[in-house]
Each structure stands twice: as structure tokens, then as C-alpha cells.
Amino acid sequence: MEVKKILYEKFKLTSFRPGQEEVINDLLGNGDVLAMLPTGSGKSLCYQLPAFMLNGLTIVVSPLLSLMEDQVQHLKSQGMKEVVALNSFLSNEEREFALKELHKQKIIYVSPEILQSKSLRKRLKQMTIALFVVDEAHCISQWGHEFRTDYLKLNEVRNELGNPTCLAITATATKEVQQDIINKLNLVRFKTHIFSVDRPNIGIVVKECGPLVSEKITQLVYLVKNLQGPGIIYASSRKWTEDLASILNKEGVNGISYYHGGMNNDDRLLIQQQFINNELQLICCTSAFGMGINKPNIRYVIHFHSPLQLESYLQEIGRAGRDRRGSIAITLHSEGDIPLQMNLLTHEFPNNEQINAVLEFLQCNKGFRRINESELLKQTGMTDVMWRFIRFHLEEHGVIVNRKYHQRADGYDHLIKSLEDKITDRINDKQRKFRRFQQWLSDHTQCRRATILAQFDESLIDKPENCCDVCGIDLNQYFTTESTIKNFEFQSWQNELKKIFHQ
Amino acid sequence: MNYLIVILSYMIKQFNGNRTIYGAYHILKGKKSAQTMQDCHLFNLAKFFGVYKELERDTVTQVIKALGDQGLIFQCGEQRFTLTKKGEDFLCRKVNINPLPRYLNGFIYKDVTELFWKRLVLTTQCLSFLKINKKNFLPIIKDRNTQTWVKKYLTSSTAKLDKLPQDLYRELDMVLKHFSTKEATLFVLRLSGTHRIGLTNEQVSSKLGISPFYSHLLYLNVVHGMLHLVSNKKDDYPVLHSFLNDAMNNSLLTETAKRTFHLLKQGVSIDEIGKMRGLKRSTVEDHVVEIAMTVKSFSIDPFVSIEEQLTINSVIDELKTKRLKEIKEKLNNNVSYFTIRLTLAKKEIHNGSKENLV
Ligand SMILES: [Zn+2]
């Protein structure tokens with residue numbers, strides 16, 4: 001009963017969600033675990049709770065900076081202060097301070113990159129490590145939808161730390177990816193807890209729209225005006241999120257804002273918090289929104305542009321209905337979007353020009369003790385992800401060692417060729433996934449839920465009443481005339497200032 | 001981009017054809033180069049320094065095209081413009097409706113603004129929650145430095161913690177009376193409390209029916225005005241002033257220039273600094289110029305010989321110009337741009353055109 005007690009005292013919860021207790025018990029018994037729990041089922045509790053019960057430090061490897069910080073802030077706001085996030089954005093002083101204070105912590109969130117730091121590893125080796133958690137474990141597999149080369153080095157780190165108990169956890173991993181996780185982390189004796197990816201309380205609808213954008217917009221306006229909020233609308237570009245927000249605004253929809261990676265941090269946080277506090281009822285966003293957001297009452301997710309693959313789709317619709325109440329996911333599908341989306345696919349990877357620019361940059365700065373990465377990104381115009389991809393391959397070929405560049409005597413043609421081949425492989429794989437997802441979208445003959453589950457080697461046993469558009473679903477059930485947003489009344493600035501300070 | 005048209009017309013008027021439109025762009029972006037910082041003082045545009053960090057070149061090009069199409073500007077050289085008569089009238093009219101913010105002073109307050117604002121926002125949010133005995137909430141400012149500072153601030157003042165909400169409220173109420181209703185409103189709407197989350201600049205601007213850029217300038221106007229009033233009358237505003245204690249001194253240097261400065265003081269050479277930090281020589285040179293412009297006690301003698309300084313200074317006086325290229329040509333290209341920039345920087349700071357600097 002110890003577990004339940006901590007659950008209540010620390011997390012103010014009285015019961016577990018399916019899967020959580022099993023994972024936690026295995027971890028407390030020192031067994032390695034591979035767990036797949038669907039989005040929105042409280043994955044993080046699976047390691048946070050044992051972290052507070054076990055003796056020693058829990059290391060959580062997480063791919064996204066914002067995700068880490070959100071988790072840390074969230075825990076702290078619940079009164080759990082022995083938590084820290086270490087990432088490459090900390091200044092040297094901050095990092096040193098954090099390292100010195102490490103023994104006071106229970107959980108440390110790290111990026112896979114920072115785990116490569118020698119000083120951190122040295123410090124960790126002096127400590128008792130209770131758990132080694134690989135969050136979003138699908139990132140370790142190049143068959144997963146968010147492959148991160150840095151994840152491949154995690155096994156080495158774990159070895160070095162004396163093989164502490166390991167939890168590899170993810171929300172979406174096909175059989176293929178699961179096997180890859182097991183191999184890459186070298187899990188030998190371990191328990192698996194694979195739960196269905198199905199979220200029975202989310203109805204799945206694909207609306208076929210013609211090639212004209214105007215048709216989609218008309219649909220969107222109609223849906224948003226009628227659906228019970230709060231809701232999220234996903235679009236493929238920053239520009240589109242802004243345009244959709246302004247179109248809906250002009251149509252008289254209140255409490256709406258856009259959200260994307262181009263906004264500054266402060267604004268992003270304000271919008272996110274307004275949404276969580278029900279001061280906004282609708283967010284138009286890119287896929288940058290939603291990671292780590294804990295909002296239980298999202299009633300609908302509309303994809304104005306469909307995502308590029310099934311796993312992303314599941315992750316995004318999974319933000320609806322975490323309170324387990326009826327919710328709906330609607331995709332506005334149009335053949336007209338395909339060329340643009342194919343384009344998006346290739347743009348995730350560096351092109352020939354960028355590869356050449358990188359090598360040229362490295363060549364020009366060969367005397368430096370360390371590669372100046374921020375300068376490199378600025379000059380070559382690559383994204384962080386692209387650079388990490390290139391860096392990983394250069395490291396494999398010994399051209400970069402410990403962040404220092406080593407010139408090659410035999411030229412670079414061979415290197416460039418192998419890099420380009422790798423990229424072509426990855427693009428082909430992404431295109432294959434894209435086509436498969438497009439097929440799913442345009443197939444109006446088979447139950448959508450059943451066909452999703454089939455891709456994860458599952459079969460649909462309990463079909464929910466509101467299953468999908470193919471099985472038949474009445475959208476009217478999700479309509480309402482009530483607004484769910486808190487309206488705030490503004491009288492004067494003097495009055496408002498009084499309210500803030502409770503004067 | 002509405003109000004940007006007005007600001008750019010004003011800057012064109014001040015330049016009067018002596019600088020390209022990108023000179024204005026760099027000022028608005030707050031580029032810490034010797035040229036830009038000198039232009040601020042030469043053309044009396046210091047208030048606009050760094051007030052629009054997200055400005056893009058394309059936007060400037062669009063505004064220039066719009067101004068040209070309407071016959072408001074006249075092209076007098078490559079990317080150089082003057083205001084036409086029609087342009088002057090336009091500017092006059094626009095400024096009558098929406099005046100240039102009077103307290104705006106980007107040059108002096110650019111770097112303190114954000115720090116002061118973030119501390120104020122987070123302290124306000126914390127006090128709002130503490131006042132009703134709620135301890136757990138998500139801080140609306142994520143920045144770790146701010147969080148650390150506010151935490152320390154609130155815990156070290158426990159004795160007066162129960163008085164603090166009232167004191168801060170009174171000071172804000174008093175200082176905001178110096179501003180227009182519109183300005184005070186937009187400022188207060190951006191703060192967060194227990195009853196609601198603060199609004200973004202864009203949300204405020206649509207609520208008040210003004211352009212986002214203008215509301216951003218008005219917000220800066222309030223903060224800069226506050227900084228001015230608070231630092232001049234610290235006895236009237238002890239709480240607000242305590243947000244600034246450590247901030248006003250070295251903050252005029254960028255973080256990266258501070259690191260270069262630190263190494264220079266240890267006797268490390270420019271080339272060595274470049275190698276150690278993985279920066280190009282020209283970048284480190286920019287830092288040195290920045291330091292020379294900001295720190296009065298910094299000597300440029302190790303970089304420019306006394307004779308060179310004298311020669312360059314006499315050319316500047318003779319040509320009555322501050323254009324680097326002209327100076328360099330007059331000296332038969334025997335001196336580097338870096339040398340000229342450093343000498344100019346020293347001259348400027350000694351002329352005392354920046355009274356508020358350290
Ligand atoms: Zn179905």
C-alpha cells in the first residue's frame with residue numbers, strides 16, 4: 001500500500017490508470033521494462049512515482065527541451081522540488097551549480113546530447129542511480145517517426161553507469177520499432193507492458209474535401225462554430241496557423257489564438273497557459289504545440305492539414321479526451337495538399353548545398369578547439385535536427401571527435417556520397433510511410449480504428465459506439481451552443497491592477 | 001507594419017539622405033556595431049535603438065516601396081532617400097494622431113527592459129498567488145535567471161512579504177499615472193494574476209484596436225518611462241527600484257562581448273580569443289569596438305598606436321565625416337576599418353554624447 005500512499009501524497013491521485021501500476025511494480029522490483037502506453041495515459045507517472053520511492057537518482061532521457069522543462073515546472077508546481085533539467089542551453093556556471101547540487105535531486109531530466117558530457121558522466125558515476133529512463137524510446141529507432149541519432153549512444157552510457165534498472169517507454173511503437181528498442185538498448189531480461197494504442201473515447205472522422213482550399217475553410221468554419229470546445233486545429237505551416245486564426249476570428253469565433261515555433265518563448269507560454277486555464281477555447285497550431293501539455297478537457301482535434309504519418313497523427317489526436325470523456329478527431333483531407341506535403345518531407349533533411357556548406361564551414365574553422373555550433377547553424381541555415389544528423393555521420397567516420405573537426409587527407413567525395421545515400425534512404429522510408437497513411441485517409445470502406453490497430457498488430461475487440469466515419473458517427477453529438485471560455489470583464493486599468501494584487 | 005511606415009519616414013527625415021535605409025534597419029534591430037551605435041547619436045535616433053528586434057529586411061523593402069509608390073520619399077542614391085513635401089505632411093499628420101512615444105530610449109534601456117519586465121511580471125504573479133495563500137502554480141516566466149532572482153527576492157524579504165503586494169500595487173498605481181490611459185491599460189493587461197493570464201502584445205493590440213507594432217512601442221514607452229522615473233526618484237519607488245539594483249551597470253554589453261572583455265583583461269590576444277571561443281576575428285573585433293563604445297575606462301592604445309589615433313582624428317575633423325570608407329580612402333587605405341572604428345568609438349565616448357554610460 002506504500003505505492004498508493006505516495007500516489008496520493010505526492011501526486012494527489014487516488015487511483016492508477018491502466019498500465020501504470022504494472023510498470024511501477026516491475027521497476028520497484030528492479031526489473032528492466034519496455035512499456036508502451038497510449039498518449040494521454042500518464043506515461044510520466046510510471047517513472048516519477050518510483051523515483052520518489054527508490055534510493056538514488058532517476059535519470060530521464062528526453063528528446064525535447066520544451067518537454068523537459070514543462071515536466072520540471074509541472075512537478076515543481078505540485079510541490080516536488082527535487083527535480084532538475086540539464087541541457088545544452090544552460091550556461092557553464094548554471095551547469096556547474098546543477099552538478100554540484102545533484103545529490104539533492106531525485107529526478108534529473110537530460111537531453112541525450114548532454115549525456116555525452118564527460119563531466120556529467122563522471123559526476124553520475126559517483127552517485128547511486130536508481131533508474132535509467134528512456135522516454136520517447138521510439139526515437140532510438142530509425143523506423144520510428146522521430147529518429148534521433150543521439151539516442152543510439154544511450155546504451156553505452158548506461159553500461160558506463162553500471163547498468164542501472166532501465167525503463168524504455170513510448171506511446172507509439174510498431175512491432176518493428178519495439179524490437180529495435182530492445183536491440184539498441186541491449187535489454188536482455190526484461191518485462192514488456194504493451195498496451196493498446198487505441199483511445200476508445202476519441203471518435204475518428206476523415207472528411208473528404210475537394211482540391212479547393214475554400215472548401216476546406218468552409219468546412220472548418222462550420223465545424224468550429226458548432227463543436228463543443230476546447231479544441232485544437234493543426235496546420236502544416238506557421239503562416240497557415242495565423243491565417244486560420246484570423247479567418248475564424250473574422251467569422252466571429254472568440255477565444256482563439258495561433259501558436260507556432262516562430263513566436264517568442266514568453267508569448268508561447270502565455271498562449272499555452274490561457275488555453276489550459278480555459279481563457280482561450282481554440283488554438284491553431286503547428287505540431288510544435290501540445291508536447292507536454294496537460295489539459296484533460298480537450299474535446300476535439302481538427303487536422304486542417306493531415307500529418308505526414310500515422311504515428312504523428314495518433315500523437316496529435318491523443319491530446320483530446322484525456323479526461324476519458326467523448327471527444328472527436330476530424331481530418332480535412334484533400335488530394336490538393338499532397339504535393340506540398342511531399343515537399344515538407346524532403347525539407348526535414350539537409351540538401352546537397354547544405355552539406356557542402358557544412359564541410360566548407362568546418363574546413364574554414366579547422367583550427368578551432370571546438371566547433372562553434374550556433375555559428376554553424378546561422379551560416380548554413382540548417383535546423384538543429386539536420387545538423388545533428390550530419391554530425392552523427394561525421395562522427396561515425398571519425399571526421400568529428402569530441403566536437404572537434406579532424407581534416408581528412410583523402411578528400412570528401414566518398415563521405416558526401418555516403419551521407420547522401422543515407423538521406424535518400426531516410427526520405428524513401430518517410431515517403432513510404434506517407435503513402436501508407438494517405439491510403440488510410442482515402443480508404444472509406446474499412447473501419448478506421450480497426451485498420452490503425454492492424455498496423456500495430458492489434459485487433460479491435462471492443463468497438464466503441466462512436467467509432468469512426470466508416471462505421472457511422474453522428475457529429476451532432478459533439479455540437480453545442482454553449483461557450484466554455486471564461487470571459488473576463490475589464491473595467492479600467494486601475495480596477496484591473498487592484499484585482500491582480502487583491503487590493 | 002502600419003506604424004513602421006511612420007517610424008521609417010521619421011528616420012529617413014533624420015538621415016536626410018546621409019545613410020542608407022539599412023542604417024535605419026540596423027538601428028531598429030539594435031545592431032551592436034560601431035557604425036550603428038554612432039548613427040544613433042549622429043542623427044538623434046537613439047530612442048529607436050533595438051526597439052524592433054524581429055524586423056526583417058523584406059519588411060523594410062516593402063515599406064520603402066509603399067512610401068515610394070505614394071510619392072512620400074525621393075531616392076537620392078543607392079538605398080538612400082529623403083522625404084518629399086508630401087512625405088513631410090504625411091509624417092506630421094500621422095504623428096499628430098499617434099505621437100512618437102516620448103519616454104522611448106532604446107539606446108540606454110534596451111538590455112535592462114527585458115530583465116526589468118520579466119522580474120516585474122513574475123514577482124507580480126507570485127504575489128497575486130501568495131496573497132490568497134496559493135503556493136503551487138505555473139510560473140509565467142520560464143527564464144531560469146529570472147526565476148532564481150525572484151525566488152531569492154521573495155525569500156529574502158520575508159519580513160515584509162505580507163506588505164509587498166500592497167507596496168508594489170501602490171507604486172505601480174502611482175507610476176502608471178504618468179502615462180496615457182491607453183498605455184496604462186495595455187501595460188496592466190500584459191500582467192498575469194490569479195484571475196487571468198496576461199495577454200500577448202498581439203492580443204492587447206487587437207483589444208485596443210491599434211497596430212501590433214504601435215502597441216509594442218507604447219509598451220516599451222511605459223517600461224522605459226518607468227525605468228526613467230524609478231531611477232530618478234528611488235525613494236518614491238523602493239520596490240520597483242529594487243528590481244534594478246544589479247542591472248544597470250554592466251548590462252550594456254552583450255553577453256558575448258562580456259566574455260571577450262573578461263579574456264582581454266587577462267591579456268589574451270584577439271586572435272587567441274577567436275581560437276578559444278570558436279569565433280571569427282571580425283566578430284571579436286566587433287566586441288572590442290562595442291567595449292570601447294560602452295566602457296569609458298577601456299583603453300584602445302594596445303590596439304591602435306597613439307600616432308594612428310592622432311592621424312585618424314585629424315582626418316575626421318578635416319573631412320567632417322564619420323563615414324568609414326571616406327576616412328579610409330583619405331588615409332590611402334593604410335589603416336584598417338577596425339582601427340578607424342575603435343578610434344571613432346573612443347572619440348564618441350569622450351565627447352560625452354552618452355551621458356548615462358558607465
Ligand atoms: Zn470504425
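**Ground rules.** I number residues from 1 along each chain as its sequence is written, with chains lettered from A and ligands numbered from 1 in the order in which they are written. Because the model is predicted, I keep local features only at pLDDT of at least 70 and side-chain atom pairs only at pLDDT 80 or more, while totals for chains, interfaces and linings use all residues, and side-chain values use heavy atoms, with hydrogens and water left out.

**Entry 1, salt bridges.** I looked up A:Glu160 and found its partner to be A:Lys125, with the closest N and O atoms 3.1 Å apart. This pair links distant parts of the chain, A:Glu160 being in helix 7 (residues 154–160) and A:Lys125 in helix 6 (residues 118–125) of chain A, 35 residues apart. Helices (H or I, at least four residues) and strands (E, at least two) are DSSP runs, numbered from the N terminus. With buried meaning under 20% relative accessible area, exposed over 50% and partly exposed in between (1.4 Å probe, protein chains only), A:Glu160 is partly exposed at 31%, and A:Lys125 is partly exposed at 47%.

**Entry 2, between chains.** I then turned to A:Glu496, which forms a salt bridge with B:Arg196, the closest N and O atoms being 2.6 Å apart. A:Glu496 lies in helix 19 (residues 493–501) of chain A and B:Arg196 in the loop between helix 9 (181–189) and helix 10 (201–208) of chain B, so the pair joins two chains. I find both A:Glu496 and B:Arg196 buried.

In chain A I traced an open sheet of six strands in the order 8-13-12-9-11-10, with parallel pairing, where two strands pair if DSSP finds at least two bridges between them. Its edge strands are strand 8 (202–208) and strand 10 (256–259) of chain A, each of which pairs on one side only.

Conventions
Salt bridge = Lys/Arg side-chain N within 4 Å of Asp/Glu carboxyl O.
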